[in-house]
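Have a look at the fold, then read on.

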Amino acid sequence: CLHCGSDCSRDNLHRDMPLDDFLKALETIEKPARHFTVVLTGGEPLLREDLEICGREIRRRGMRWSMVTNGMRYTDGRHASLLSAGLGALTISLDGLEGSHDHLRGNGAFRRLMQTCERLKKENFPYTLSMCVTSANVHEMADIVELARHIGAGNLHFMWYFVRGRGGGEGIAPRGTAAASRTGSHAQAGG
């Protein structure tokens with residue numbers, strides 16, 4: 001994604017963490033708290049062919065796990081497979097309404113994300129939408145709240161864009177624009 005906080009690329013010298021290293025890292029977690037959750041992020045965790053193995057190993061050690069995904073590779077088959085591996089929750093990245101989202105993630109990405117959300121809603125599976133707020137999408141925040149409600153998201157998380165990794169071209173939202181967007185939306189809705 002154009003604004004990704006990770007510095008991942010096809011030419012990246014550092015591939016995904018090998019499974020053996022991942023398991024060794026899990027072993028360093030001694031006496032985890034009762035509801036300790038390991039959150040798998042990326043890049044994109046659904047690109048890992050051994051994701052379900054990672055999930056089962058987390059659960060075997062008495063911990064919960066969840067992941068942050070763009071949702072584009074989240075199929076019915078993968079959903080069933082992840083559930084059997086103990087997936088407990090999901091956060092899906094949403095970067096605005098269709099035009100804004102597709103600008104950052106490619107044509108058709110918003111439609112695929114909506115299909116994933118509909119699947120999760122049908123399954124009554126808890127998920128959070130997470131929107132990275134930039135100068136290009138800050139005006140869509142109120143509409144995203146309504147969209148999240150409509151598609152059955154259990155939570156909505158707004159995070160403020162910061163320049164890191166591949167990010168740099170999207171721009172930080174100017175001071176006060178989120179409040180102005182919210183106020184304008186409420187005025188229209190109420191009047």
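Contact here means heavy atoms within 4.5 Å.

A word on ground rules: this is a predicted model, where local features need pLDDT of at least 70 and side-chain atom pairs count only at pLDDT 80 or more, while totals for chains, interfaces and linings use all residues. Residues are numbered from 1 along each chain as its sequence is written, and side-chain values use heavy atoms, with hydrogens and water left out.

## The nonpolar core

Met67 also turns up in the largest nonpolar core, which has 36 residues; Met67, Leu90, Tyr127 and Leu129 touch the most other members. The elements giving two or more residues to this core are helix H1 (19-27), strand S1 (37-40), helix H2 (51-60), S2, strand S3 (87-93), helix H5 (109-123), strand S4 (127-133) and helix H6 (141-150). H5 supplies the largest share, five residues.

Some terms: a nonpolar core is a set of buried Ala, Val, Leu, Ile, Met, Phe, Trp, Tyr and Cys residues joined through side-chain atoms within 4.5 Å. Buried means under 20% relative accessible area, exposed over 50%, and partly exposed in between (1.4 Å probe, protein chains only). Helices (H or I, at least four residues) and strands (E, at least two) are DSSP runs, numbered from the N terminus. In soluble globular proteins, nonpolar side chains tend to be buried together.

## Thr69, a polar residue inside

Is Thr69 buried or exposed? Thr69 is buried, at a relative accessible area of 1%, and sits in strand S2 (residues 64-69). Its side chain makes a polar contact of 2.7 Å with that of Glu44. Such a contact is a pair of N or O atoms within 3.5 Å; within protein, one must be able to donate a hydrogen and the other to accept it, and residues adjacent in sequence count only if both atoms are side-chain atoms.

Leaving out residues up to four places away in sequence, Thr69 touches Glu44, Leu46, Leu90, Thr91, Ile92 and Ser93.

Phe22, Leu23 and Leu26 are the buried part of the story in H1. They lie on the same side of H1, because they cover an arc of only 95 degrees around the axis (the arc is that of the directions from the helix axis to the C-beta atoms). Asp20 and Lys24, on the other side of H1, are exposed. The cover over the buried residues of H1 includes S1 and H2.

## Two loop residues with positive phi

Lys31, in the loop between H1 and S1, isn't a glycine, yet has a positive phi of about 50 degrees. Lys31 counts as exposed, with 82% relative accessibility.

Asn124 sits in the loop between H5 and S4. Asn124 isn't a glycine either, but has a positive phi of about 60 degrees, and is exposed at 70% relative accessibility.

pLDDT is the predictor's confidence in each residue, from 0 to 100. The protein chain has a mean pLDDT of 83, with 76% of its residues at 70 or more. Among its elements, H2 has the highest mean (98) and helix H7 (residues 177-190) the lowest (42). Over residues 179-191 the pLDDT is below 50, and this stretch has five contacts in the model beyond near neighbours in sequence.
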